[in-house]
Amino acid sequence: MRREPKVVISPTALYGGAPWSEEWTVEGITQLLEPMVGETRRERIRQALTARLTSVTLLMDSPHDPHNGAAMLRSCDAFGVQEVHVIPREERFFASNLVAKGTQRWVDVIEHPDPQGAITALTARGFELIATHPQGELVPEELGNLPRVCLVMGNEHDGISQELTASAGRSVRIPMVGFVESLNVSVSAALLLREATKNRPGDLSPADFARLYARGLFRSLKRAEDIVRAAQPR
């Protein structure tokens, strides 16, 4: 049986850093690479970043299945969510390349050492943690009214840890009329993200927009690493 390729998502590779050396500034990378990227591609990057959101994020509590992790990354990119947070338990976060379709290159993934670390970091930035639960008091349509929302998605087998459940201000349910009581975690994430992001305008800061635009140019060129390495840092 052919083994499906997987990619390890690490915060040092995808969050807070850049795929070029520290000698380069964001402006320098843009000046170097922008002329080499076609106008259609440059406009596509700008359009995507204009709609990008930092007021909605996703917290995965120990995701196990790489297909689910990848599908949630793909949904975040599709609905304009820039950051995803992960708490591993016994295993690092993996995402299936074949399912993620390259979205792991565009979405920042932040790995926290434990639940309390994630809670502290997210609440300090003004996020309200919303757990998913079959008897939640909120329905998906109400998520769009929350100023800053972090959707907490549980492990496929164990659900959401007690520590995260206790720290969540409220919980949200997905109304269903069939015999099943729950949906696959990645399907739930997609449905909730759609409602949480609906009608929200993009809110990237100018600095983040510039950083992500430069990274988008870099990711769009097959030999960007060689080009940057051969040029004089600016």
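Is Asn68 buried or exposed? Asn68 is buried, at a relative accessible area of 8%. Buried means under 20% relative accessible area, exposed means over 50%, and partly exposed lies in between (1.4 Å probe, protein chains only).

1. **Basis.** The model is predicted: local features need pLDDT of at least 70, side-chain atom pairs count only at pLDDT 80 or more, and totals for chains, interfaces and linings use all residues. Residues are numbered from 1 along each chain as its sequence is written, and side-chain values use heavy atoms, with hydrogens and water left out.

2. **Overall make-up.** The protein has 10 helices and 8 strands. These are DSSP runs, numbered from the N terminus: helices are H or I with at least four residues, strands are E with at least two. Of the 234 residues in the protein, 46% are buried. Take the contacts between residues at least 6 apart in sequence: 83% of them join residues at least 24 apart. Contact here means heavy atoms within 4.5 Å.

3. **Asn68 and its helix.** Asn68 lies in helix H4. Asn68 and Asn184 are 116 residues apart in sequence. In space their C-alpha atoms are 8.3 Å apart.

4. **H4 against H8.** Helix H4 covers residues 66-78 and helix H8 covers residues 185-197. They pack at an angle of about 10°, with their axes 9 Å apart. H4 is therefore roughly parallel to H8. Axes are lines fitted to C-alpha atoms, for helices over the stretch in contact, and angles run from 0 to 180 degrees between N-to-C directions. Angles under 35 degrees count as roughly parallel, over 145 as roughly antiparallel, 65 to 115 as roughly perpendicular, and the rest as oblique.

5. From H4 come Asn68, Ala71, Met72, Ser75 and Cys76. They meet Val185, Ser186, Ala189, Ala190 and Leu193 in H8. By class, the contact of H4 with H8 has 7 nonpolar, 3 polar and no charged residues. Ala, Val, Leu, Ile, Met, Phe, Trp, Tyr, Cys and Pro count as nonpolar; Asp, Glu, Lys and Arg count as charged; the others, Gly among them, count as polar.

6. **H3 against H9.** Helix H3 spans residues 39-50 and helix H9 spans residues 206-220. Their axes come within 10 Å and cross at roughly 140°. H3 and H9 are therefore oblique to each other. Their crossing is right-handed. A crossing is left-handed if the near helix is turned anticlockwise from the far one by less than a right angle, and right-handed if clockwise.

7. **The H3 and H9 residues.** On the H3 side are Arg41, Arg42, Ile45, Arg46, Leu49 and Thr50. On the H9 side are Phe209, Leu212, Tyr213, Gly216, Leu217 and Ser220. The contact of H3 with H9 divides into 6 nonpolar, 3 polar and 3 charged residues.

8. **H2 against H9.** H9 also packs with helix H2, residues 26-33. Here the axes come within 9 Å and cross at roughly 40°. That makes H2 oblique to H9. This crossing is left-handed. H2 contributes Val26, Ile29, Thr30 and Leu33. H9 contributes Ala210, Arg211, Tyr213, Ala214, Leu217 and Phe218. The residues of the contact of H2 with H9 divide into 8 nonpolar, 1 polar and 1 charged.

9. The rule is a side-chain nitrogen of Lys or Arg within 4 Å of a carboxyl oxygen of Asp or Glu. Glu39 and Arg42 form one at 2.3 Å, N to O. Both lie in helix H3, 3 residues apart, about one turn of the helix. Glu39 is partly exposed at 42% relative accessible area, whereas Arg42 is buried at 16%.

10. Arg46 pairs with Glu43 in a salt bridge, with the closest N and O atoms 3.2 Å apart. These two also sit 3 residues apart in helix H3, about one turn of the helix. Arg46 is partly exposed at 23% relative accessibility. Glu43 is partly exposed too, at 32%. Glu39, Arg42, Glu43 and Arg46 are linked in a network of salt bridges.

11. **A further pair.** Glu195 and Arg194 meet in a salt bridge through their side chains (3.2 Å, N to O). Glu195 is buried, with a relative accessible area of 14%. Arg194 is partly exposed, at 43%.
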